[in-house]
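Let's take a walk through a protein model together. Have the picture ready so that you can find each place as we reach it.

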Amino acid sequence: MPVDMSDQDHTFMQRALRLAQKGLYSTDPNPRVGCVLVKHGDIVGEGWHQISGEPHAEVLALGQAGDNAKGAVAYVTLEPCSHTGKTPPCADALVQAGVIKVIVAMQDPNPQVAGQGLKRLQDNGIEVESGLMEAQARALNPGFIKRMETGLPYVRVKLAMSLDGRTAMASGESQWITGDAARQDVQLLRARSSAVLTGIGTVLSDDPSMNVRLSAEELGVAKIRQPLRVVLDSALRFPGKAKIAEADGAVVIMTTLKNDLANAVQIAEKDSHVDLEAALKYLAEKEINEVHVEAGAILSGAFLQQQLVDEIVVYMAPHIMGDEARGLFSLPGLSKMKDRISLDIQDVRMLAKDLRIIAKPVYS
């Protein structure tokens, strides 16, 4: 953590974080990054990474600053890159522009960077500080960070339930448990995700599209980026005319069977089903950062029992659906209080008449 950071430093880093937030729905698979250039206490340039393959935040900020970048201080939410990918190294651009100091919120967990960007700056006489508002910076990119650090994507499970914890009537009828505001919020979760994942049971019973149905204007982006849609289907029962295959965007079917289908991939088997961890590793190798799970109690419960869930988002509606209705998770084997899965509540808020709870599982 940098020492002697002033209120002004915090103000400028907060501005950089707000800029990075603008890339929430568009930068995937790249991280969301913001940059602010300050000279004599005034902002002379700023930018945020908008679309993968296009200029990074630092380059856009330097372009806006022009000659004023010389002698400026750069506030960046993530360590400037030091390698050449789809764009040249941002660390070199800062050096060439004559920036005298760089303050970053966090080091880049990407092994290709991992401190090398900061070292390149220091080797060229630029003062460097790291760690200012790091927690806020990490919260911007949970999927990118987890993929780089563990080889797995960040898994978010979304569920809608009644006040008595039911997700569907005994017949399977579930539309709609929650109101318009909650369903709109789900669209935002889909839009920020790299992939939306469900099981074949949900496809066969509900025939969902699982796509983002908000406009580019509503998301504040130039173009809608549809997440990859993933269906776990160990026995290859996927119907040819399923809506999930007809909607915009790509679909991949994960099965345990050998096949010649263009959109199906064979994944290792575990307990007669697709191995969930192997499926997630496959997605991470395809640069999938955040996986949004919308599935039934069995698949959602399997992810939770295998400790593969990072975040649970529950929308609770003010209804009572009764004992015969279906439950939230299928968790066989939880028979004693010591077997409970603890949750760390992150956020609770009202969305019109519904309650949204965001929680993180606490695994032993």
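Ile345 sits in strand β17, which covers residues 342-351; strands here are DSSP runs of E with at least two residues, helices are runs of H or I with at least four, and both are numbered from the N terminus. With a relative accessibility of 47%, Ile345 counts as partly exposed, because buried means under 20% relative accessible area, exposed means over 50%, and partly exposed lies in between (1.4 Å probe, protein chains only).

Before going on, note that this is a predicted model, where local features need pLDDT of at least 70, side-chain atom pairs count only at pLDDT 80 or more, and totals for chains, interfaces and linings use all residues. Residues are numbered from 1 along each chain as its sequence is written, and side-chain values use heavy atoms, leaving out hydrogens and water.

Now turn to helix α7, residues 180-192. Its 13 residues reach 19 Å from the first C-alpha to the last, close to the 18 Å expected at 1.5 Å a residue (the expected span is 1.5 Å times one less than the number of residues). Among the buried residues of α7 are Ala182, Leu189 and Arg192.

What is the volume of the second largest pocket? It is about 600 Å³. Of the 23 residues lining this pocket, the closest to its centre include Gln21, Arg156 and Arg192. Elements that give two or more residues to its lining include α7 and β17. A pocket is an open set of points on a 1 Å grid over the protein atoms alone, with protein on both sides within 12 Å along at least five of seven lines, and lining residues have an atom within 4 Å of a point; a volume is the space filled by probe spheres set on the points, which are joined across faces, edges and corners.

Note on methods. On a 1 Å grid over the protein atoms alone, a cavity is a set of points where a 1.4 Å probe fits but cannot get out, and a pocket is an open set with protein on both sides within 12 Å along at least five of seven lines; lining residues have an atom within 4 Å of a point.
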